Amino acid sequence: MTAPEIGPAERAALEDTMERSARDLETHQMKCVPCRTPGVSCGTGAVIAWTHEDAKRALGLE
């Protein structure tokens, strides 16, 4: 089963989400001690990373 085609508005929203989540994760990692530790991330960092990965998958970039 294939995913339905996404329209231009959805594509723009997903691209915005992907860019914003990348910036948010970078900012979060600068402030969060657990996220600065290699191989460790806190719940907030994980959720931001998942949001980024979900947007990439939906755009077919992964």
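Author: A residue counts as buried when its relative accessible area is under 20%. The model discussed here is a predicted one.

Reader: Why is Ser21 called buried?

Author: Ser21 has a relative accessibility of 5%, and the limit is under 20%, so Ser21 counts as buried. Ser21 is found in helix 1. Leaving aside neighbours within four places in sequence, Ser21 is in contact with Ile48, Thr51 and His52.

Reader: What makes the pair formed by the side chain of Ser21 and the backbone oxygen of Met18 a polar contact?

Author: A polar atom of the Ser21 side chain lies 3.1 Å from the backbone oxygen of Met18.

Reader: Is His28 buried or exposed, and how do you know?

Author: His28, which lies in helix 1, has a relative accessible area of 17%; this is under 20%, and therefore His28 is buried. Apart from neighbours within four places in sequence, the residues in contact with His28 are Cys35, Cys42, Thr44, Gly45 and Ile48.

Reader: How is the packing of helix 1 and helix 3 described?

Author: Helix 1 (residues 8-31) packs against helix 3 (residues 43-59) at an angle of about 150°, and their axes are 9 Å apart. Angles over 145 degrees count as roughly antiparallel, so helix 1 is roughly antiparallel to helix 3. Among the residues making the contact are Ser21 and His28 of helix 1, with Ile48 and His52 of helix 3. The contact residues divide into nine nonpolar, seven polar and four charged.

Key: Residues are numbered from 1 along each chain as its sequence is written. This is a predicted model: local features need pLDDT of at least 70, side-chain atom pairs count only at pLDDT 80 or more; totals for chains, interfaces and linings use all residues. Side-chain values use heavy atoms; hydrogens and water are left out. Axes are lines fitted to C-alpha atoms, for helices over the stretch in contact, and angles run from 0 to 180 degrees between N-to-C directions. Helices (H or I, at least four residues) and strands (E, at least two) are DSSP runs, numbered from the N terminus. Angles under 35 degrees count as roughly parallel, over 145 as roughly antiparallel, 65 to 115 as roughly perpendicular and the rest as oblique. Contact means heavy atoms within 4.5 Å. Ala, Val, Leu, Ile, Met, Phe, Trp, Tyr, Cys and Pro count as nonpolar, Asp, Glu, Lys and Arg as charged, and the others, Gly among them, as polar. Buried means under 20% relative accessible area, exposed over 50%, partly exposed in between (1.4 Å probe, protein chains only). A polar contact is a pair of N or O atoms within 3.5 Å; within protein, one must be able to donate a hydrogen and the other to accept it, and residues adjacent in sequence count only if both atoms are side-chain atoms.
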